[in-house]
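Could you walk me through this structure in plain words? I'm new to it and would like to know what to look at.

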Amino acid sequence: MFLIELTYKVPFSEVEPFMAEHLAFVEKGYASGHFLASGRKVPRDGGLIFCQASGGKAELEELLQDDPFVYQDLVEYRILEFVTSRAEEGLKGLLA
């Protein structure tokens, strides 16, 4: 399991024109089965994506190159890998 943290490097006004493209990228991530949950941080200085990747961190780093926020150099991203040891009943399938 992974958590991707995106943090804006520029004011939101510079990010906003790329939001529709970013949301299309996120939708592709859900369709491919990589993304499980996502949303913006509070305060709105970036976002989080909860995901899985059988190919590990390298697979996610490659996937992120298609995000306009990344290739337009609007965000810094950090990928945190973790092993789920406990989950709510509806999320039991996420346990390793």
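Let's begin with E5, which counts as buried because its relative accessible area is 19%, and the cut-off for buried is under 20%. Keep in mind that this is a predicted model. You'll find E5 in strand 1. Leaving aside residues up to four places away in sequence, E5 touches K41 along with G47, L48, E76, Y77 and R78.

Now on to the nonpolar core. The largest one has 20 residues, and the ones with the most contacts inside it are I4, F35, C51, L60, F69 and V75. Which elements give two or more residues to this core? They are strand 1, helix 2, strand 3, helix 3 (56-64), helix 4 and strand 4. Strand 1 provides the largest share, with 4 residues.

Next, some empty space. Rolling a probe the size of a water molecule over the atoms shows where such space is left. In this model, the largest pocket holds about 210 Å³. Its lining is made up of 15 residues, and H22, L23, G39, R40 and G47 are the ones nearest the centre. Strand 1 (2-8), helix 2 (19-31), strand 2 (35-40) and strand 3 (46-51) each supply at least two residues of that lining. Sorted by class, the lining residues are 8 nonpolar, 5 polar and 2 charged.

Finally, take a look at the backbone, where a couple of spots stand out. Most residues other than glycine have a negative phi, and most peptide bonds are trans. The bond from V42 to P43, though, is cis, with omega near 5°. P43 sits in the loop between strand 2 and strand 3. The other spot is D73, which has a positive phi of about 60° even though it is not a glycine. D73 belongs to the loop between helix 4 (68-71) and strand 4 (75-81). Is D73 buried, exposed or partly exposed? D73 counts as partly exposed because its relative accessibility is 47%, and that class runs between the 20% and 50% cut-offs.

Notes:
Residues numbered from 1 in each chain as written. Predicted model: local features only at pLDDT ≥ 70, side-chain atom pairs only at ≥ 80, totals over all residues. Heavy atoms only, no water. 1 Å grid on protein atoms, 1.4 Å probe; cavity = no way out; pocket = protein on both sides within 12 Å on 5 of 7 lines; lining within 4 Å. Points joined across faces, edges and corners; volume = space filled by probe spheres on them. Nonpolar A, V, L, I, M, F, W, Y, C, P; charged D, E, K, R; others polar. Buried < 20%, exposed > 50% of the residue type's maximum accessible area, 1.4 Å probe, protein only. Contact = heavy atoms within 4.5 Å. Core = buried A, V, L, I, M, F, W, Y, C linked by side-chain atoms within 4.5 Å.
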